[in-house]
Amino acid sequence: MEPNRKQDSNRLATFVWVLALILIWELGATLVAQTKRTPENVLPHLYQIVESVFSTKLVNGSQTAFQIVLANAGITLARAGIGFMLGAAIGFLLALLMNLMKTVEKIAFPYLMIIQMIPILGMAPIVLAVTKDIDKSRVIIAAILTFYPVATNTLAGFKAVPGEKLELMHVIAASKFEIYRKLLIPSCIPYFFTGLKVSAPMAITASILVDTLQGGGGLGTMLSQSLKHAMTIYVFWQIVFLSAIVGILSYHLMSVIEKLAAPHRWARKVKLDEPAQLDEPA
Amino acid sequence: MNLRSSMNPPEEISVRIAATQQDVSNPEAPAADRRRFDAENLTTLLYPIVFGVLILILWQTQVLHRILGADTFTLPLPGRILTIIADNAPEILMNARATAIVALTGLLFGSMLGYLLGVIAAVFPKWGIGGLTVVSAFNAIPIIAVAPILNNLTKDFSRDADTRSMLAKILVVTLMTMVVMSINAYRGLTELKPYSEDLMKSYAARRTDVFFKLRVPNSVPFLFTALRVSVPGSVICALVSEYFAEYIVGVGRQIRENIVLAQYATAWAYILTACLMGILLYAILLAAEGSLLKGRR
């Protein structure tokens, strides 16, 4: 195996795919530009969006388009972040409790599934009525969305521990605390991070979605205003790309934290994020 | 009576859980253990129901309102929500149908495309892995960013606002479910049991045999893992994409419209409908998984 060369070829493949996507976008944009009266509303060229980022034209009197987006992104992401951390902590604790006590598992498991079914926007007004504060309701909704994937994934991690390992722990008369500390919790960590990776973009989505419900600041508010042509449509396109980039970065941030948290597992485990380690069927 | 009927779906799910748990803990299920399992099943059913009924009682007697500091206007009593559902049944059913069509069509196309992508990536790993990396990046893109784009793109598809909105919504669901399925399909096709591939090689099996007799069966549990994410996901995607759709139809859109009009009780009726739809689909999935994966876990 030549890991470096393999990694390079995978990077190249990813790069080519990204290029292909850009090409498709540009082809579409060219087509739209020829057939539509206001092509920037449907599919602008990528360079037009990049141009709007660096443009110094003031959009609302005091800020450029990009300044508006950045200022609102700060508000939205801070709420998403707080909600995410709260949700992750609650999710992990619940999974732990569910694994420790059969009764808790029986009570909570069906409801864990049902929580996921409740449309978040529908919950916003009720959370708002309780907290009387849009900021708090954004945090709570982001937390609810985070807590479910983390809890189910972590619980799956506890359940996936092979029976032989548990039996071995019993044979050497390990205490319950020791079993959790040395076997169950370390082996559920990758599952826990899977949950985090799923929910990090979801927390951001939730935060933006709640924004659209009410006025005030936030990416969602700007997104809907821009769509209604209250300001330049490029604010919308910038938000689309920014939220995509932040979503992807949040996912990778979790991978980085996972690497730091459990480096020894990472070294052996085959992961999609680390294509260099995948073995080709020879 | 009405309150109890609303508790039926969780009951159904817990029956499924009980069934799978029984399979896991004891595949042979000796007759001597029957009675212990009956008690186990009973509590699996009973605990969540007791918990749910308790919450409902607290809700109906407005103790819940006092704890949360809410009023009956934003958090209507369960009885009132059920009355509204009963009164508006045809309209709610019509909206539920629209949402279900979007979610299920998107789920079907998305999962098939996703599996296909997974297969391609597994067969041509050189280019496929790079492609999957790009596809998995889609996973992190918020739906709210995608829905308006697709909405604008499909404007020319049909002159009928309902049809073109439907297409846009289905595309959103397709995109989202495709990503989940492709990653899981790839993992299922490549993360084989240690040495199983070497064993196949020692049998001098052809690549197609390795693929159909080892890789594809190996991917089935992963397929269900993906569906467990994408079935609830498809409903939520459908609901969210309705917020941005041109044509006003669907459970999600009705929730939003009624909240804007401050008709919280009607919004709650649609929230309940959305929950029931999701639960029903999930129950069907669990039933399918239970019967298809019997004895495999």
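1. A kink of about 40 degrees lies at A:Ile189, shortly before the proline A:Pro190. The bend is the angle between axes fitted to the seven residues ending at a residue and the seven starting there. Helices (H or I, at least four residues) and strands (E, at least two) are DSSP runs, numbered from the N terminus.

2. This is a predicted model, in which local features need pLDDT of at least 70 and side-chain atom pairs count only at pLDDT 80 or more, while totals for chains, interfaces and linings use all residues. Residues are numbered from 1 along each chain as its sequence is written, and chains are lettered from A and ligands numbered from 1 in the order in which they are written.

3. pLDDT, the predictor's confidence in each residue from 0 to 100, averages 79 in chain A, and 84% of the residues score at least 70. Helix α4 (residues 65-100) has the highest mean, 89. Helix α12 (residues 263-268) has the lowest, 54. Over residues 267-282 of chain A, pLDDT stays under 50. Where pLDDT is low, the predicted coordinates should not be read in detail.

4. Helix α8 of chain A (residues 163-171) has 9 residues and the number buried is 0, so this helix lies largely in the open. Buried requires 20 or more other C-beta atoms within 10 Å of a residue's own; exposed is 12 or fewer, and partly exposed is in between, with C-beta atoms placed from the backbone. A:Ala173 follows α8(A) and has a positive phi, near 55 degrees.

5. A:Glu40 sits in helix α2 (residues 39-42) of chain A. A:Glu40 counts as partly exposed, with 19 C-beta neighbours inside 10 Å. Leaving aside neighbours within four places in sequence, A:Glu40 is in contact with A:Gln48 and A:Ile233. Contact means C-beta atoms, placed from the backbone, within 7 Å. The C-alpha atoms of A:Glu40 and A:Trp237 are separated by 9.1 Å, though these residues are 197 apart along the chain.

6. Chain B has 13 helices and 0 strands. Of its 297 residues, 43% count as buried. Among chain B contacts between residues at least 6 apart in sequence, 77% join residues at least 24 apart.

7. Two non-glycine residues of chain B deserve a look. B:Gln62 has a positive phi of about 65 degrees and lies in the loop between α3 and α4. B:Gln62 is partly exposed, with 14 other C-beta atoms within 10 Å. B:Tyr195 has a positive phi near 70 degrees, in the loop between α9 and α10. Most residues other than glycine have a negative phi.

8. The chains meet through 56 residues of chain B and 49 of chain A. On the chain B side, α7(B) gives the largest share, 11 residues. That side divides into 39 nonpolar, 13 polar and 4 charged residues. Here Ala, Val, Leu, Ile, Met, Phe, Trp, Tyr, Cys and Pro count as nonpolar, Asp, Glu, Lys and Arg as charged, and the others, Gly among them, as polar.

Technical notes. Two residues are in contact if their C-beta atoms, placed from the backbone, lie within 7 Å.
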